[in-house]
Amino acid sequence: MRPIITLTTDFGTVDGYVGEMKGVIATQVPDAQIIDITHDIPPQDVERARLTVARVWRRFPAGTIHLVVVDPGVGSTRAALAVAGDDRFLVGPDNGVLSPALLVAGVRAVELPIPRGASATFHGRDVFAPAAAALACGASIDALGREARSPIVHRTPEPIRHADGSIAGEIIVIDRFGNAITNLLGRRGGTLEVGGRRVDLHLTYAEAERGEVMGVVGSTGFIEIAVRDGNAATLLGLARGARVVLQPAG
């Protein structure tokens with residue numbers, strides 16, 4: 001099977017940065033299948049990148065190499081990592097974006113050396129893309145660098161259960177539709193308090209009236225605040241970190 005390398009960045013597609021990384025990979029691994037996850041992570045948004053990686057990395061076959069470059073600390077003392085976990089590889093900066101793999105049992109992480117002559121502002125091209133290519137060519141992760149002893153791990157905040165049965169959570173991401181995704185796991189029925197409103201949980205968007213604020217269990221398994229055919233974040237003034245309280249049915 002052709003090696004699969006995925007790309008997740010905040011580079012956009014206007015300036016050619018993604019193309020440079022693809023050129024490095026194609027030169028070293030001509031038969032690689034390069035798949036773009038997204039290049040529209042908001043600039044320097046490490047948390048959004050982490051959550052994106054969490055959604056997709058295990059959707060790909062064993063052996064897939066995920067190249068993740070959202071790197072506001074590029075050129076600083078932050079480490080560069082290659083990670084092996086759950087039969088897949090991730091390559092990127094040591095700033096939390098690789099946390100989903102770092103949390104699995106048996107994970108192995110190594111610190112990549114920075115080659116002499118590497119650009120201090122573009123490790124995606126000069127450090128991470130070559131490492132991903134090396135893995136695609138069959139290099140062992142241990143051959144890429146020394147063991148990383150304390151890689152940075154970020155976790156999604158845990159909801160808080162109150163004595164009255166309610167569960168307090170928060171919004172962890174706003175998607176492109178304006179849906180506010182929370183850290184509350186899906187349930188059948190109940191109401192949500194968010195943005196000064198009380199809204200009902202529905203099974204599908206179609207159960208709500210046009211323009212109605214609603215809760216729905218999204219494809220991640222987390223509860224989302226949405227507006228039927230509208231933008232919940234704009235309507236309610238919601239942002240990451242905003243408080244949401246779930247009152248389960250019954």
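**Salt bridges and a crossover in a predicted model**

Modeller: The side chains of aspartate 36 and lysine 22 meet in a salt bridge, with 2.9 Å from N to O. This is a predicted model, in which local features need pLDDT of at least 70 and side-chain atom pairs count only at pLDDT 80 or more, while totals for chains, interfaces and linings use all residues. Residues are numbered from 1 along each chain as its sequence is written, and side-chain values use heavy atoms, with hydrogens and water left out.

Biologist: Why is the contact of aspartate 36 and lysine 22 called a salt bridge?

Modeller: The term requires a side-chain nitrogen of Lys or Arg within 4 Å of a carboxyl oxygen of Asp or Glu; the N to O value for aspartate 36 and lysine 22 is 2.9 Å, so the pair qualifies. The structure holds 13 salt bridges.

Biologist: What makes aspartate 36 and lysine 22 a link between distant parts of the chain?

Modeller: Aspartate 36 lies in strand 2 (residues 33-38) and lysine 22 in helix 1 (residues 17-28), 14 residues apart; helices (H or I, at least four residues) and strands (E, at least two) are DSSP runs, numbered from the N terminus.

Biologist: What makes strand 1 and strand 2 a pair?

Modeller: Two strands pair if DSSP finds at least two bridges between them; five bridges join strand 1 (residues 4-9) to strand 2, so they pair, and they run parallel. Threonine 6 stands opposite isoleucine 35 in strand 2.

Biologist: What does it take for a crossover to be called right-handed?

Modeller: With the strands pointing away from the viewer, the path from the first strand over the helix to the second must run clockwise. Here the chain crosses from strand 1 through helix 1 to strand 2, and this β-α-β crossover is right-handed.
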